[in-house]
Amino acid sequence: MTPMTAARTSIPADRPQLGLRERKKIKTRTAIRDATYRLIEEQGYDATTIEQIAELAEVSPSTVFRYFPTKEDIVLTDEYDPLLESELRARPTDEPPMDSLRYVLKKAVALGMAEDAEVTRVRTRLMAEVPAVRSRMMESMSVTSHLLCQVIGERTGRGPDSFEVRVFAMSLIGGLMEVSLYWAQHDHEDDFADLVDRALDVLEHGLTPRAE
């Protein structure tokens, strides 16, 4: 297997600069994730323990649990949710919601692939292959859904708990989850950004008959 690339801890110039305490937290989370991916590469997901992760990351097991309640959370979490929220709020208020989402997701995918493309591949492979990771992913969708409902509600003048907003947000999240699973199940052969764009086309326009 090829060596895994580590997720970067530096903050690009176009992102808000963080304080020392938050940078230290990101550094610790990144060290834990990097250790996890390295161990998974060497011995597999099931054989990797929290104690091994803590030792390799040079932190205590309690520190690992403080940052990540479960081993699955180490695989699934990243630093991009706050970025997505801030980018969506920064889009022009008269821009159609789907156009805003397309722009922001395209930017997020490009950033994620540029910073840690190999980690992204490993994460999606684990989502597809490890039932515990996939199950935890389903549980964590509610957090992202809540974030999206808040922003989409603001941009459309609807309540964040309204039926239409909730259906739209969960449809988007479910579509993006399927993008990740499809990409992994097809050996990451497709362009990930293209799959995201195709998923947004389906959400925006629905299914159209295939040309004969």
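Buried means under 20% relative accessible area. The legends below apply that cut-off to a predicted model.

**Figure 1. Lys 71 over the ring of Tyr 45.** This close-up shows a lysine in a charge-over-ring arrangement. The charged end of Lys 71 is 4.2 Å from the centre of the Tyr 45 ring.

**Figure 2. The aromatic pair Trp 183 and Phe 192.** The structure has one aromatic pair under the ring-centre criterion. The pair consists of Trp 183 and Phe 192, whose ring centres are 4.6 Å apart; the planes meet at 50 degrees, so the arrangement is classed as tilted. Planes under 30 degrees apart would count as stacked, and planes over 60 degrees apart as edge-to-face. Trp 183 and Phe 192 are both buried.

Figure 3. Side chains of opposite charge can pair when their charged atoms come close. The cut-off for a salt bridge is 4 Å. Arg 158 is partly exposed, with a relative accessible area of 44%. Glu 164, at 44% relative accessibility, is likewise partly exposed. Asp 161 is exposed at 58% relative accessibility, whereas Arg 166 is partly exposed at 44%.

**Figure 4. A salt-bridge network of four residues.** Arg 102, Asp 197, Asp 201 and Glu 204 belong to one network, joined by salt bridges that share partners.

**Figure 5. Thr 124 and its contact with His 188.** Thr 124 belongs to helix 6, which covers residues 97-129. With a relative accessibility of 3%, Thr 124 counts as buried. The side chains of Thr 124 and His 188 make a polar contact of 2.9 Å. Once neighbours within four places in sequence are set aside, the contacts of Thr 124 are Ser 180, Trp 183, Ala 184 and His 188. Trp 183 is also a member of the aromatic pair with Phe 192. His 188 is located in the loop between helix 8 (163-185) and helix 9 (192-205). The phi angle of His 188 is near 55 degrees, a positive value in a residue other than glycine.

**Figure 6. Thr 63 in helix 3.** Helix 3 spans residues 61-67 and includes Thr 63. The relative accessible area of Thr 63 is 12%, which means that this threonine is buried. Its side chain is joined to that of Ser 60 by a polar contact of 2.9 Å. Not counting residues up to four places away in sequence, Thr 63 touches Thr 28 and Ile 32.

**Figure 7. Glu 58 in the loop between helix 2 and helix 3.** Glu 58 sits in the loop that links helix 2 and helix 3. Its phi is near 60 degrees, a positive value in a residue other than glycine. Glu 58 is exposed, at a relative accessible area of 73%.

**Figure 8. Confidence along the predicted chain.** The mean pLDDT of the protein chain is 86, and 88% of the residues score at least 70. Confidence is highest in helix 2 (residues 50-57), with a mean of 97, and lowest in helix 5 (residues 81-90), with a mean of 82. Over residues 1-14 the pLDDT is below 50. Beyond near neighbours in sequence, residues 1-14 have 28 contacts in the model.

Notes:
Residues numbered from 1 in each chain as written. Predicted model: local features only at pLDDT ≥ 70, side-chain atom pairs only at ≥ 80, totals over all residues. Heavy atoms only, no water. pLDDT = per-residue confidence, 0-100. Helix = DSSP H or I, 4+ residues; strand = E, 2+ residues; numbered from the N terminus. Contact = heavy atoms within 4.5 Å. Phe/Tyr/Trp six-rings, centres within 6.5 Å; stacked < 30°, edge-to-face > 60°. Buried < 20%, exposed > 50% of the residue type's maximum accessible area, 1.4 Å probe, protein only. Lys NZ or Arg CZ within 6 Å of the ring centre and 35° of its normal. Salt bridge = Lys/Arg side-chain N within 4 Å of Asp/Glu carboxyl O. Polar contact = N/O pair within 3.5 Å; in protein donor to acceptor, adjacent residues only side chain to side chain.
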